[in-house]
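Student: Hi! Could you walk me through a structure today? I'd like to talk about charged pairs and then a sheet.

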Amino acid sequence: MEEMVVELNSGEPSAPGSDQGVAKAWESVTAALVSPGSSLSEQDRLNLALLCSQGLGRLLGVWLLESLQVRLSSSVVPEFWSGLEQPQDQLEERDRARVLLSAFQTLLDQLEPFLSGLEQLGAWQAEGHCGMSGPGPGALQDRAFTTIRALLLFSPPAVLQQRVLEFYSRTFSVYMSREGGEDGAEAPEGPDGGACSGCGAPAPHCWCLEALQRLQQLSLVLSRLQLLEWVSAEAVTAILHRLIEQRMEQHCRGEYERSFLQDFQEWLELVLGWLGKVFATEGGGAAAVPMDPSVPSTPSACGSPVLKQWRCHMHQFFCRIYVNMRIEELFSIIRDFPESKPAIEDLKFCLERTNQRQQLLTSLKSAFESRLLHPGVHTSDILTVYISAIKALRELDPSMVILQVACQPIRKYLRTREDTVRQIVAGLTGDAEACSDLASELSRGDPVTLEMQDSDDEGNDPEDWAPDPTDAVPDKLGSKRRSSDIISLLVSIYGSKEIFIDEYRTVLADRLLHQLNYNTAREIRNVELLKLRFGESHMHYCEVMLKDMADSRRINSHIREEESKLSEEEQPPLALSAIVLSSEFWPTLKEEKLELPAAVCHAMEAYTRRYEKLKAMRTLSWKPHLGSVTLDLELEDRTLTNLTVSPIHAAIILHFQEKSSWTLEELSVKLGAPKELLHRKLALWQQQGVLREEAAGRYAVMETGATRDRLDRGVMLIDSDEERDSNTTTQSEQREEKLQLFWAYIQAMLTNLDSMTLERIHTMLRMFVATGPVVTEMDVNELEAFLQRKVREHQLIVSTGIYRLPKTS
C-alpha cells in the first residue's frame, strides 16, 4: 500500500485511460459518503487515494455542500412545508403535534446522509487520511447547518410558529400540571373528573405522557439539525413572557404588603424544569437529560449554559415587568407606606437590575402633579403624602436622589401655599392629626440638628464615601442629602429656618393667650425639643414667652394675696387676672379698638397700681380685646352660670345691664367698635337665646320665654369668627409690614441714584438692611414681584430692566 501511494504521488503523467478510473473512483467515494451506515472498503480506500493524488480530495466537501443545497431547494424544503401545512381545521391538537414532529423527523431523515458524509469527510481531513487536509468536521457541518437554516428559515410561513407555539404551550401546561399533581406518573384529571388539566382532553383520551415524549423527540431532532434555538426560542420567549405577565397581574397587582420575589423564584425553578426538556440535548448532550419523560429534570441539566441564559433572561424580564407595574402604582404604594414596605423592597431589588430610574422619575413626578398638586387637596394631605414619600423613597434609594428629583414639584408647590408653614408647625407640636409623624420625628432620641445640616464639615469616614448616581441634582453634597431627615427636608422647602421659628412663635403665642390657666408643661417640652433641632439661640424668644407665663402666675398670686388683705370696701369690683407680656419678644398682636365698661376699667387701673408697686419703674399697657371673661347671667326665668366669652362679648352683655334695649349705633358709640363687628358679635347672644333683634336694628334682652335647653355649667362660648381668628398678626400681614420697610429704603436709593437695576437694588438692600433674618428671606424673585406690584400701582417706572421713580409735576 505504501509503495502504491508513493507511485501515485510521484507526479508522472497518467495514461489516457486513467480519466475513466478517476471518474469511477469519484462515483465510488461519493456514493460511500452519502450511504448511511456504510464503511469504506479496501477498494474505496484505493479510490480515495487516487482522487487525492489527482488533487480532487479537497473538492469532496464542496460537492457534498452543493449537493445538500440542491437537494434542499428541489425537494426537501418544499416537502417539509407541504407536510406541515395540512388543513388546520381538519386536525385535532394532538394530530397537529404529531404532524409537527413528523415534518421535522422527515427533514432529518432526508438530510442525515449528507450530514453523516460531512462528518466522515471531516474525520478524514482531521486524521490527514491519504494526505487530505481541510477545515475539519466542525467547520464542514457548520457550513451545512448554515445552508439548512438559510433555505428553510429565510422567510418561513406563519404556520411554523403557530404550530410550535401551540405545541410548547400544551407541553408547558402538561408539565406544570404533572409537577403540581400528587402522582407524576399518571395524567391528573380536572376538578370535575372530566377533562385533563394538562392536555385538556377527556380523561380516557389523555395524551399528557405522549406530549412529553414528543417534546423530547422534537428536541432531539432539532438539536441534531442545530435548529433548536432557531425554532424554539421565539415560541418559548412568547410563552414565558405571557405567563410572567399573567402571573404578575393575578398575584402582584394592587398587593403591596407581601414580597413576591421568593414566590417567583420557586415558580422559576418549575419553569426551568420544563425548559430542561425543551432544550434537552442542547449544550450537555442527550445523555445529560433523563430519557424518561415522567422523570423531572435534574439539577445538573438545569445548570447547562443554555438554561443559565434562560434563567437570566426570565429574571431580567420579571424585573422589567415588575418595575413597570410598580411604577404605575408607586403613588399608591407611597401613600400606604409603611404597610407597603415589602413592595418597596421588591421594587428596589428589581430597579437595581434594570435601567428604568428615569422612567420611574418621570412617571412619579407626573403622578404627583396630576393627583396631588392641585387646589382640591388640603395642605395637610399634601404634607402627609410628602412625608410618606420621604420615608418610602429613602428606603427605595438610600442616596435619596430619586427623592430629591421626584419630589421637587411638591416642594415647589408647597411654597405657594400660604398655610404650609403653619401646617408643618402644627404637625411638629402635635396639633395636626394628618401630620402626626412630625411630632414623633421631633421627639425621637437622636435628632439631626439643622446646624449639622448647614455645616460644611462632612465628618464622615473617607472609606465610606460613595459617588452620587449620574442623575443626581448637583445642588447638595451627597452626604448631606443622605443625612437629611424629615424635619430637615421640610424646613429646607423655604431655605430658611427663621420662617418656621417665627411661625412657631405665632402658634405658641396663640396657644398661651387662649388657655385659661398658666400650665405650660406641653409647650416647654416642645420648645426643648425644638432647641435640639434649631439651636438654643433661635428659640430664645420662645423661652422668654414661657418665662412670661411663669412670671405672670407669680404676679397674679402676689396681687391676689394683697387684695385679700384689703377691707371689703377696698376690694376691686371685679376679680382680674392678667398675662404680662414682654412686648419685644412676643409676635405683633392685633390691635382692635374697644372701650370697656367703667367697672372693668377701674379693676384694670387698680391692678396696674399694684403691679407698679411690685415692679418698680414698670407699668402695664392693656390689650382690652384679648383674653377671656367668666360671668353669670341672671334672667327672669333662668340663670346661666360660668359662661366663658371674649372681652367684647362680655362688654356687650354688660351694657344690657344698664338698660334692656340698645340699637347697633348706640352700642357702637358706647364701645368704640365698628357696627359691622358688633353685628357679628351680637349673633352669639342671639344664638343662646339671651338677646333678640327687634325692628330698626334694635336688640333687647329675652328675660322669659326661652325654648332652648338650659346650658350646662362652665360652657365656653365661641362664635364662628373667633374660631378662625388669631390673636397675632398673620405671616402675610407681618410680611407686608416688612416689605413696606424695604419700600422706604428703595425710594431713598432711587431718589439719590435716579435709576437702578434689580440686581443692584437687591445688593444694596442686603448691605443697608442687614439686621435680622428678613433680608435673607427676600430673594431676587420676591423682590422682582414686589417691584412689579409697585409698577402696576404707578409708584415705579421700569424700562429695559431699569427701575426709577415717576416724575412729580
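Student: Is Asp397 buried or exposed?

Tutor: Asp397 is buried, at a relative accessible area of 6%. Here buried means under 20% relative accessible area, exposed means over 50%, and partly exposed is in between, with a 1.4 Å probe and protein chains only. Before we go on: this is a predicted model, where local features need pLDDT of at least 70, side-chain atom pairs count only at pLDDT 80 or more, and totals for chains, interfaces and linings use all residues. Residues are numbered from 1 along each chain as its sequence is written, and side-chain values use heavy atoms, leaving out hydrogens and water.

Student: How many salt bridges does the structure hold?

Tutor: There are 23. One of them joins Arg554 and Asp551, whose closest N and O atoms are 2.1 Å apart.

Student: Where do Arg554 and Asp551 lie?

Tutor: Both are in helix α25 (residues 540–564), three residues apart, or about one turn of the helix. Arg554 is exposed at 53% relative accessibility, whereas Asp551 is buried at 16%.

Student: Which residues are linked in a network of salt bridges?

Tutor: Glu249, Arg253, Arg326, Glu328 and Glu329 are.

Student: Changing topic: what is the order of the three strands in the open sheet?

Tutor: The order is β6-β8-β7, with antiparallel pairing. β6 (755–757) and β7 (797–799) are the edge strands, each with a single partner, so one side of each has no neighbour in the sheet. Two strands pair if DSSP finds at least two bridges between them.

Student: How many bridges do β6 and β8 pair over?

Tutor: Three, in the antiparallel sense, with β8 covering residues 802–804. Within that strand, Tyr803 is the bridge partner of Met756.

Key:
A salt bridge is a side-chain nitrogen of Lys or Arg within 4 Å of a carboxyl oxygen of Asp or Glu. Helices (H or I, at least four residues) and strands (E, at least two) are DSSP runs, numbered from the N terminus.
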